[in-house]
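Let's take a walk through this protein together, from its overall fold to a few of its side chains. Please keep the sequence and the model side by side as you read.

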Amino acid sequence: DYKLVKLVKPVIRIERQRKPPKKGGDISSDFLKEMEKLGINRLEITNGVVHINDKQKGSKQTFQNVKVLLKDILLDSSTRTDTDRFLFAKNATMEFHNYTTTLNKGLYKFSVKDAYINATEKQVVLKNLTFGSPLSKNAFMKKQSKATELYTLSLPSVTSNGLDWWTALSGDALEAGTVQTKGGKLSVYFDRSLPPKNKMGNFPN
C-alpha cells in the first residue's frame, strides 16, 4: 500500500499490437502470481513524454508535456476485470499540450494546443484544434494529379462524451455519445483546372 507515487519527466514507450503475445499473460495476472494486491492512493506523472509505436500501421506518435493523475488504484483479484476502472484506478485524468502530427504523407497537419482527458468518465476536451495543409494552395495542388479538395478546419473548443479516447488518438475510429463544438471555421478549396476524378466528384457527397 502506497499513499503517493510520483514520476517526474518519465519517458513512456507503448507498443501497440493487434495480436496478443503468444506467451505469457497480462500484467495483472502475472502480478497476482507474486503478490496479493497493490494499492496506491495517488499516482502522479508530470512533464512526461509518451511514444506510441503502432507496429501494424507502421505509425509513430509522440505526446509531450504529459500530466497524469490516477487516484484510488487497486490491483487484486476483484479489480482485474473491473471495466469501470482505468488502469485499475477509480479516477483517472490526463492532459497534454502542443500535440502535432502529419497526415496523408505530409499533405495535412493536425494539431491540438491543449487536451484534457477524463478517462474514467470517457470525456475529452480539446482546445484550439486545427486541421489543414502546411503547404500553400499552389504547392498542394501541384502534388495532385486529379482535382482534389483542400480542407482547412479550426475549432477553439471540442468536448466529447462517451468517447473511446484511445482508439480516437490512435486513428482507429472516432465514436462518441455526444460531440459539442463552439465557434470554429471550415473552408474547402477546389481547383477545377485539374482533371476531375469522376463526374460526381467527392464534395458534397
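Predicted model: local features only at pLDDT ≥ 70, side-chain atom pairs only at ≥ 80, totals over all residues.

Residues are numbered from 1 along each chain as its sequence is written, and side-chain values use heavy atoms, with hydrogens and water left out.

Let's begin with the fold. The protein chain has three helices and ten strands, taken as DSSP runs (H or I of at least four residues for helices, E of at least two for strands) and numbered from the N terminus. Their order from the N terminus is β-β-α-β-β-β-β-β-α-β-α-β-β. Of the contacts (heavy atoms within 4.5 Å) with a separation of 6 or more, 60% join residues 24 or more positions apart. Of the 205 residues, 31% are buried; that term means under 20% relative accessible area, with exposed over 50% and partly exposed in between (1.4 Å probe, protein chains only).

Now look inside. A nonpolar core is a set of buried Ala, Val, Leu, Ile, Met, Phe, Trp, Tyr and Cys residues joined through side-chain atoms within 4.5 Å. The largest one has 25 residues, and Phe63, Leu70, Phe96 and Leu126 have the most contacts inside it. Strands S3 (38-54), S4 (59-75), S5 (89-103), S6 (108-118), S7 (123-132) and S8 (149-161) each supply at least two of its residues. A second, separate core of seven residues includes Leu107, Tyr108, Ala147 and Leu194.

Next come the charged side chains. The whole structure holds four salt bridges, each a side-chain nitrogen of Lys or Arg within 4 Å of a carboxyl oxygen of Asp or Glu. Lys6, Arg42 and Glu44 are linked in a network of them: Lys6 meets Glu44 at 3.8 Å, and Arg42 meets Glu44 at 2.4 Å. Glu44 is buried at 15% relative accessible area, whereas Lys6 is partly exposed at 49%. Another bridge joins Asp82 and Arg85 at 3.6 Å.

Leu87, with phi near 50°, lies in the loop between S4 and S5. Most residues other than glycine have a negative phi. Lys9 is exposed at 61% relative accessible area, and Leu87 is exposed at 55%.
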